[in-house]
Amino acid sequence: MTFDSVVGQSSLTTTLKNAVRQGKLAHAYLFCGPRGVGKTTCARIFAKVINCTNLTPEGDACGECESCKAFDEGRSLNIFELDAASNNGVEHIKALMEQTHIPPQTGRYKVFIIDEVHMLSTQAFNAFLKTLEEPPAHVVFILATTEKHKILPTILSRCQIYDFERMTVANIVGHLKHVAEQEGITYEETALNVIAEKADGGMRDALSIFDQAASFCQGNLTYEKVLEDLNVLDAENYFNIIDLALQNKSADIMMIVNDILSRGFDGGHLINGLASHVRNVLMAVDPQTTQLIETSEKGRLHYAEQAKRCQPRFLYRTLKVLNRCDQGYRMSSNKRLLVELTLIEVAQITQADDDDDGSGPRPCKRLKKLFEELMVAARPSAAPQGTVAANGSNTMAPAAMVDNAITATTTATSPQAGRNATPLRLKNVGFSFRGAREMEQERRHRGEDVIVANTTESRPFTIEDAKREWLYIINSMMQDKGLLSMAQRMKNVRLSISKFPQIVGAVENQFLLNDMNKSRNKLQAEMADRLRNWQLTLNFVLDESTIDAKTTITPEEFLHSLMEHDSLFRNMQQELQLELQR
């Protein structure tokens, strides 16, 4: 009923009261801000105050004059409200504007409150604009909206704009205490904090939740009962998860996650809540930023206590991992698995052998070491039956050809086991060129491939290693439409080692040789990087075994051969009398 009853908007209410006392009223006001922060309430109080004939010294309505009584009893003819969300047509605005021509019978002003004004149609805005440009002296417009950017600039320029602030947790808790004392409801302050955080800055939402919780708790608001009623996850779960992650106890975290999900909580809600918790812990690291945590004083102390056990690096990387999970949660087909993998990754951040920078989904050092043992430290067995080029081409059927090409490029044995050891196929451990290409593209996207750890490294390799990496490069290039043609031509290159570490690529014709030589430096650097041998050289030569006397033919010979074997072309040549142009 008064400006003092408006919570958390003291600067705005003071400005409005001063304007009324000084008699400096504008003809149009725009109240904008989030939902439930008091825009419509302030509009009604302001409409009551400017029509009061006996203002108090503080600038509030007296509540005793005829205008105030008519307003309180809902029979005032000076105040008109329009909900633009359901009455947004041009006919509604025209009907409202007709009322502006009639002066007030009691009081000084006719006040028109238009709620959710951004919902008006373009035609309605245009009809309203004419009256707003030249309003009668006895008319005051108060517009309220949650989306100021949707209002026409011509409307904005003719209004005094008041931006309402989002309610803080402290403001909401303070007002809920006042309400609880007036209603005779006992409470725990932690329970009121839960309600304030659930309201997300809206006092109207906070009062609705408070009313619901008071009914459930039968007038005694306790922390446990409020959590149960609102189905809110206890913050202690977040503290426990972070403590277990610092100890690398992934199994214990999985048990907490299972318990939370079994109680009906959404995995995305868990990730978002944990991210907010980690953010608060990060704020508690520095005493200067502790005040940015919207919670009770007891809660700030709890955050500060956990912050002493957390390194900032751990908190930064945890936030990155949780944010990545939140971005992919909606698109994930197995949401629970995504949540569990994310929390396992968080639990591995503080492990001593983890060299990941947290910028992307890269395997940790232990997984890298496993694949190095399978792919690099191992040595290839004897070559398979038949000659297989870099593109896996031979006389076999396509399916067998691809299988043997993969086997030839991924079969390895341990040097200590001898040449006759049992071959190990990487496809048995889930390796695929498609998956490898995707990992390679992610590394390229992050720019990791431009970092060279040791340009003097000279790791030994075999021709099978070279063919495998060459095939890997080809498959990676085929994902780029601009490089698809080049990748197709590279399949016809046959690799061999003339003198270690010199790799020779034999090509079929001069045109392909020219193309390969243009890209030789880039391909050599890529092969050296993949094989970890920076003494490697890559040269391309013409394969003389494919050149014979019949390889080069004259245009006349080509035309004669074409006409001999293609009857359609021969008929076309005869009908059109085509001749070979010199």
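I began with Lys48, which is buried, with a relative accessible area of 6%. I note here that the model is predicted.

**Entry 1, Lys48 and its partner.** I looked for the charge partner of Lys48 and found Asp72; their side chains meet in a salt bridge, 3.0 Å from N to O. Lys48 belongs to helix H2 and Asp72 to helix H3, so this pair ties together parts that lie 24 residues apart in sequence. Asp72 is partly exposed, at a relative accessible area of 39%.

The largest cavity holds about 30 Å³. I listed its lining as Ala47, Lys48, Asn51, Ser67, Cys68, Phe71, Ser76, Asn78 and Ile79. I checked which helix gives the most, and H3 does, with 3 residues.

I next looked up Glu189, which forms a salt bridge with Lys177; the closest N and O atoms are 3.6 Å apart. Glu189 sits in helix H8 and Lys177 in helix H7, so the bridge ties together parts 12 residues apart in sequence. I read both residues as partly exposed: Glu189 has 39% relative accessibility, and Lys177 has a relative accessible area of 24%.

I found the side chains of Glu469 and Arg530 in a salt bridge, 2.7 Å from N to O. The pair links distant parts of the chain, with Glu469 in helix H20 (residues 463–477) and Arg530 in helix H23 (residues 520–531), 61 residues apart. I followed the shared partners and found Asp465, Arg468, Glu469 and Arg530 joined by salt bridges into one network. Glu469 is buried, with a relative accessible area of 7%, while Arg530 is partly exposed at 22%. For the whole structure I noted 17 salt bridges.

I searched the whole structure for disulfides and found 0. I also looked up two cysteines: Cys32 is buried, with a relative accessible area of 3%, and Cys217 is buried, also with a value of 3%.

I placed His149 in the loop between strand E4 (139–145) and helix H6 (153–156). His149 is exposed, with a relative accessible area of 64%. I then checked His118: its C-alpha atom is separated from that of His149 by 8.4 Å, and the two residues are 31 apart along the chain.

I located a nonpolar surface patch of about 270 Å², made by Met572, Leu576 and Leu578. Leu576 lies in helix H25 (residues 567–576). I read Leu576 as exposed because its relative accessible area is 55%, and the cut-off for exposed is over 50%.

How values were computed: Residues are numbered from 1 along each chain as its sequence is written. This is a predicted model: local features need pLDDT of at least 70, side-chain atom pairs count only at pLDDT 80 or more; totals for chains, interfaces and linings use all residues. Side-chain values use heavy atoms; hydrogens and water are left out. Patches are made of residues with over 30% relative accessible area and no salt bridge: like charges are joined within 9 Å, nonpolar side chains (Val, Leu, Ile, Met, Phe, Trp, Tyr) within 5 Å. Accessible areas come from the Shrake-Rupley method with a 1.4 Å probe; for residues, only the protein chains shown count as cover. A salt bridge is a side-chain nitrogen of Lys or Arg within 4 Å of a carboxyl oxygen of Asp or Glu. Helices (H or I, at least four residues) and strands (E, at least two) are DSSP runs, numbered from the N terminus. Buried means under 20% relative accessible area, exposed over 50%, partly exposed in between (1.4 Å probe, protein chains only). A disulfide is a pair of cysteine sulfur atoms within 2.5 Å. On a 1 Å grid over the protein atoms alone, a cavity is a set of points where a 1.4 Å probe fits but cannot get out, and a pocket is an open set with protein on both sides within 12 Å along at least five of seven lines; lining residues have an atom within 4 Å of a point. Grid points are joined across faces, edges and corners, and a volume is the space filled by probe spheres set on the points.
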